[in-house]
Amino acid sequence: MMRIVRLADLAIAGVLAASIVLPLSGIASAQTAPAQPAPAQAAPAAPAPAAPKLETFGRWSTLVDEVDTGEDIRKTCAASTAFIGARGESGTLTLIITNGDALPPAAYPSVTIAADNTALPTGKSVAATFGDDKGHVAAKLHSDATVGGRLSWTVDNQAKTSLALLRVMRRASVLDVSFGDVPVGSIAMDGFTKAYRSLGASCGFATTDVAP
């Protein structure tokens, strides 16, 4: 199963991407640095990291961050949209995946909701439903530490459940989300299909099982 990386919103995506980039850069430097450098030689300057690539598709924004590990190019690909919750609070719905982890169909992008709503249930196994008037998908979430000042919850990334949830997100014009019997909000999906295809193109996985 892929490693789960959490994003509260794209405003802090660069910070979270940096938290991935810096350790990998340190490993790459340690692997490539000479064991006994000549005293008179200055270490070559490390290449400046490429700026994250940002795009907008309808109400969704995507981010692609790249880092050269010294062995390959590691990409972190994220897509996020903002919403106003059931109590008028702000929130975000975010997908994230890296090309160094398991990719679809073995594992799908992690799905994280962050919201300024302390009334929402927390814990290691929060029951949630996602859907519209054509049907719903049930999933389990675990709540995480606050990110960007917001509580956050990540869907347990089981491939079958994640695929069903992503298909509902592609189908719905508005995604209704509830944790237990507590409504989280209704999230506009305009632009999701193109955003998801963009993640696949950037991180190297097929998207036809979600967005033909």
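1. Surface. The protein chain of this predicted model exposes about 10,400 Å². Carbon and sulfur atoms supply 56% of that area. Buried residues make up 45% of the 212 residues in the chain.

2. Elements. The protein chain holds 3 helices and 10 strands. From the N terminus on, the order is α-β-β-β-β-β-β-β-β-α-β-β-α.

3. A buried strand residue. I97 lies in strand β4, which covers residues 90–98. Its relative accessible area is 1%, so I97 counts as buried. T76 is 21 residues away from I97 along the chain, yet the two C-alpha atoms are separated by 5.9 Å.

4. Positive patch. R167, R170, K194 and R197 form a positive surface patch. Two helices contribute: α2 (159–171) and α3 (192–203) each supply at least two residues of the patch. R170 has its place in helix α2. With a relative accessible area of 35%, R170 is partly exposed. Patch residues need over 30% relative accessible area, so R170, at 35%, clears that cut-off.

5. Salt bridges. The structure holds 5 salt bridges. Three of them are described next, among them R171 with D132.

6. R171 and D132. Their side chains meet in a salt bridge at 2.7 Å, N to O. R171 lies in helix α2 and D132 in strand β6 (residues 126–132), so the pair ties together parts that are 39 residues apart in sequence. R171 is partly exposed, at 36% relative accessibility. D132 is buried, with a relative accessible area of 9%.

7. D133 and K134. These side chains also meet in a salt bridge, at 3.9 Å, N to O. A salt bridge needs the nitrogen within 4 Å of the oxygen, so this pair counts at 3.9 Å. D133 is exposed, at 72% relative accessibility. K134 is exposed too, with a relative accessible area of 62%.

8. E55 and K53. E55 forms a salt bridge with K53, and the closest N and O atoms are 3.8 Å apart. E55 counts as partly exposed at 30% relative accessibility. K53 is partly exposed as well, with a relative accessible area of 45%.

Technical notes: Residues numbered from 1 in each chain as written. Predicted model: local features only at pLDDT ≥ 70, side-chain atom pairs only at ≥ 80, totals over all residues. Heavy atoms only, no water. Helix = DSSP H or I, 4+ residues; strand = E, 2+ residues; numbered from the N terminus. Buried < 20%, exposed > 50% of the residue type's maximum accessible area, 1.4 Å probe, protein only. Areas by Shrake-Rupley, 256 points an atom, 1.4 Å probe, with all protein chains shown as cover. Patch = residues over 30% accessible without salt bridge, like charges linked within 9 Å, V, L, I, M, F, W, Y side chains within 5 Å. Lys, Arg positive; Asp, Glu negative; His and termini not counted. Charge placed at Lys NZ, Arg CZ, Asp CG, Glu CD.
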